[in-house]
Amino acid sequence: MPARKPPPRRRRGPRAPAAFLAGLRRFELGDVPRPEPRAGEVLVELSAVGICGSDLHYFRIGRIGSQVVDFPAILGHEPAGAVVDVGKGVTRLRPGDRVALEPGIACGRCRYCRAGRANLCTAVKFLGSPGFTGAFQRFLVMPEACAEKLPPAVDAALGCATEPLGVALHGMNLVALAPHDRVGVIGGGPIGLAVAALARARGARVELLSDPRPLRRAIARKLGVARAVEPAAFVEAARAVTEGQGLDAVFECAGAPEAFDQSVAACCRGARLALLGIAEVDLVHIDPHEWRRRELLVIPARRSNQTLPAVLAQLAAGDLGLRAAGYFSNTVGLAGLQSAFERLEDRAEPEVKVIVDPRQ
């Protein structure tokens with residue numbers, strides 16, 4: 001189970017490398033004690049950890065809403081790797097197994113866990129969120145229940161992509177996305193592109209995606225999105241491709257303040273709107289009259305909810321075209337985290353999903 005804070009002083013015993021967010025926009029390299037698995041836990045050597053948009057929020061402003069970073073902190077919540085040791089009572093996994101990890105350790109006892117909504121657990125321990133150590137380190141101990149074997153065709157990079165794919169799948173489930181729905185996506189980052197790929201695999205018609213970066217619009221088209229546009233053109237384009245009616249389902253994956261009203265305006269009457277993006281501002285605007293007149297179902301999504309097995313089953317049949325489209329940008333070691341975060345902020349840089357290999 002992730003530790004509350006990196007130890008303040010050096011302890012005896014083997015240590016392993018880690019990268020710490022030491023302050024706003026500043027990573028430093030260090031080390032931590034190599035953990036040992038307790039009963040019911042597995043020790044995983046991580047080989048791929050995705051950089052997420054929420055990591056960028058912590059990097060830039062040190063918080064997401066009321067969740068404030070206590071520096072120094074280890075970020076990262078999209079891990080995959082190989083089991084190197086197991087604790088007593090572990091039955092499904094053994095050393096050598098390649099695994100993807102569910103980053104949220106739910107209590108299993110609260111009303112939300114009992115209702116099958118573990119992502120809303122009141123006592124969840126989420127990797128890399130304030131108070132809990134994340135995955136930008138070489139070794140990580142997790143409960144066996146949070147680890148799933150990777151199918152033979154799924155490598156570690158796809159294994160860590162199960163987290164953004166899981167968020168996308170959870171959002172699709174919340175709005176009951178159906179085949180032949182006409183879909184729009186605002187934001188062509190890792191989650192927005194994951195929505196596009198999964199929605200198309202479900203049989204929906206992904207009509208439209210908006211993003212300010214030309215590269216991400218090009219990747220969207222390679223994933224089968226019919227039209228990719230600048231953000232300012234999204235609403236007009238949504239009306240144009242639907243004979244003025246609007247889209248059946250819109251996924252807001254940018255978190256930009258203007259994207260919320262755009263999402264509402266692009267919907268047809270009776271449509272469903274999933275809010276997957278994380279805003280850096282504390283207040284956003286949605287026109288209540290347009291919302292009411294269209295009788296929209298508007299649902300914010302919190303992370304994912306027990307989607308890891310379903311995503312792995314999907315990836316076992318193919319990678320959804322992610323590799324060929326250019327979804328994965330490059331791989332860096334822990335020493336490359338600083339420059340990777342800076343490149344992800346720069347709209348001129350050709351970055352989408354950057355993978356961190358803590359062994360490098």
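**Reading salt bridges in a predicted model**

Arg25, Arg60, Glu280 and Glu345 are linked in a network of salt bridges.

Reader: What counts as a salt bridge?

Author: A side-chain nitrogen of Lys or Arg lies within 4 Å of a carboxyl oxygen of Asp or Glu. This is a predicted model: local features need pLDDT of at least 70, side-chain atom pairs count only at pLDDT 80 or more, and totals for chains, interfaces and linings use all residues. Numbering runs from 1 along each chain as its sequence is written, and side-chain values use heavy atoms, leaving out hydrogens and water.

Reader: How many salt bridges does the structure hold?

Author: The count is 21.

Reader: Are Arg272 and Asp181 buried or exposed?

Author: Buried means under 20% relative accessible area, exposed over 50%, partly exposed in between (1.4 Å probe, protein chains only). Both Arg272 and Asp181 are buried. Their side chains form a salt bridge (2.5 Å, N to O). Arg272 sits in strand E16 (residues 267-275) and Asp181 in the loop between helix H4 (162-174) and strand E12 (182-186), so the pair ties together parts 91 residues apart in sequence. Those labels are DSSP runs numbered from the N terminus: helices (H or I) have at least four residues, strands (E) at least two.

Reader: Which residue does Arg293 pair with?

Author: Glu290, with the closest N and O atoms 3.8 Å apart. Glu290 is partly exposed, at 25% relative accessibility.

Reader: What about Glu41 and Arg38?

Author: Their side chains meet in a salt bridge too (3.4 Å, N to O). Glu41 is buried, with a relative accessible area of 5%. Arg38 is exposed, at 53%.
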